Amino acid sequence: MQLSYLFSILIWNSDVAVTPDKKLAEIVLRREADNGNSEFGQQQDISAECMDNIFELLEIGLKTDGENGKELLKRLFYGKTKQRIEKLGDEIVRFKEEEFNHLIVGISEDLYSGLDEFFESSKVDFEQTQAQRSLTLIEPLPKILTIQIQRVKYSREEQRVYKSHDFVSFDKTLYIDRYMDTQEEAVILKRQIKNEIKMKMDRLSKEIVEFGDVDPNGNLAEMIVALELVAAQQDSPDRTETMQVLSAGIESLKTIILEKTLELQYLKNKLTLLYEDMKSIPYNLHAVFFHQGEAEFGHYWSCMWDEEGKRWLKYNDSAITEVQEKEIFEDTTGKMHSVYCLMYCEQKTQHEVLNTFARDEIVRQWYENEMPWVKSKAEVKLSSDDVSGISLEGNLVTVEMEVED
């Protein structure tokens with residue numbers, strides 16, 4: 001109820017500030033909106049718990065007398081996948097459709113690689129035997145596609161969870177045509193070619209590590225260390241000849257590594273060009289969630305695209321600032337913060353579902369027509385409460401609430 005009131009007031013209030021009810025802070029921090037059983041101020045796990053908590057709170061906050069909050073969320077965030085399972089040596093193919101509100105991808109060089117791995121065909125154990133499993137997207141597609149990057153991993157050696165800080169690149173526009181369920185021969189052929197290219201790329205990457213100084217135990221690294229040791233032996237009679245042999249070996253390995261690196265880059269470009277003609281289902285980047293810290297602790301903030309103002313806005317607790325686009329897409333290698341969640345909006349419907357920052361009569365009229373309960377709740381709340389705590393700055397609405405990360 002408190003979330004419903006807050007959403008209503010944020011849209012309908014024209015005063016400078018509004019104070020959220022203290023009960024709302026408890027709901028947000030306790031995570032259990034109904035009974036508050038979890039520990040106060042509990043750190044949200046960046047792997048899955050945080051996203052589940054967000055959807056839970058939204059569902060509660062958007063609940064109305066006429067419509068369940070989940071139904072409204074389904075129209076915006078939910079999509080469907082189709083799972084195809086075929087037992088090896090069995091002609092019977094089994095299908096299963098499942099709803100999702102976000103996709104979880106592993107750490108990869110870029111977002112497409114992570115999604116490729118998520119949807120690609122793989123062997124799985126099924127009914128006490130092996131089967132081939134593949135996954136595709138089916139309609140209806142979500143209007144807002146949420147993609148979570150799985151950064152929390154478990155170290156068996158240290159027997160603890162840790163956060164991967166590896167950089168994952170992503171684009172401003174994401175095309176999901178390649179992941180749609182289809183029987184078109186051209187698309188099926190592209191997927192086969194993609195799998196072949198991926199296998200070659202994996203092999204080349206392993207070979208480069210084995211040969212190169214990327215791996216401290218690699219051949220090149222060992223030969224460089226050996227060369228340094230020989231060079232330090234000033235009085236050795238075989239020093240010159242040994243150095244020549246080692247130097248020649250190092251140059252040979254460098255040539256091999258360069259050739260394999262160039263071949264790997266060629267395959268990456270080939271993979272990119274493979275889907276150049278499949279760009280009919282575009283999704284535009286709308287929000288990026290960042291996490292700074294480790295698996296057990298840290299701080300969150302988000303950046304959202306303001307379509308009307310053509311700018312990126314950073315939401316860091318109660319502070320809202322404009323940031324350069326390069327800050328959104330910059331390589332975070334070596335830094336303590338990294339992207340852990342991306343939200344893309346379906347391009348063809350984004351103007352129908354997004355109006356994140358405006359609080360004007362057009363927006364209010366839409367809510368009055370489509371969701372009349374918003375105005376009624378706001379009127380009830382505003383008539384009974386003092387107003388302070390939510391500042392309106394231009395088209396930006398800031399909810400001032402002190403919360404512990």
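**Close-up views of a predicted model**

**View 1. Lys310 counts as exposed because its relative accessibility is 54%, over the 50% cut-off.** The model shown here and in the views below is predicted. Lys310 sits in the loop that runs between strand E11 (298-306) and strand E12 (311-316). Its phi is near 55°, which is a positive value in a residue other than glycine.

**View 2. Strands E11 and E12 form a hairpin with four residues between them.** The two strands pair in the antiparallel sense, over five bridges. Asp306 stands opposite Arg311 in E12. Lys310 is in the turn of this hairpin and has a positive phi of about 55°.

**View 3. Strand E11 is mostly covered, with nine of its nine residues buried.** One side of E11 carries Gly298, Tyr300, Ser302, Met304 and Asp306.

**View 4. Strands E10 and E11 form a hairpin with four residues between them.** Pairing between E10 and E11 is antiparallel and extends over seven bridges. His291 has Tyr300 in E11 as its bridge partner.

**View 5. Phe290 lies in strand E10, residues 282-293.** Phe290 counts as buried because its relative accessibility is 4%, under the 20% cut-off. Leaving aside residues up to four places away in sequence, Phe290 touches His299, Tyr300, Trp301 and Cys303, and also Glu327, Ile328, His337, Ser338, Val339 and Tyr340. Phe290 and Ser338 are 48 residues apart in sequence, while their C-alpha atoms are 5.6 Å apart in space.

**View 6. Gln159 has a positive phi, near 55°, in a residue other than glycine.** Its place is in the loop between strand E7 (152-155) and strand E8 (160-163). Gln159 counts as exposed because its relative accessibility of 63% is over the 50% cut-off.

**View 7. The peptide bond from Glu139 to Pro140 is cis.** The omega angle of this bond is near 5°. Pro140 belongs to the loop between strand E5 (129-138) and strand E6 (144-149).

Note on methods: Residues are numbered from 1 along each chain as its sequence is written. This is a predicted model: local features need pLDDT of at least 70, side-chain atom pairs count only at pLDDT 80 or more; totals for chains, interfaces and linings use all residues. Side-chain values use heavy atoms; hydrogens and water are left out. Buried means under 20% relative accessible area, exposed over 50%, partly exposed in between (1.4 Å probe, protein chains only). Contact means heavy atoms within 4.5 Å. Two strands pair if DSSP finds at least two bridges between them.
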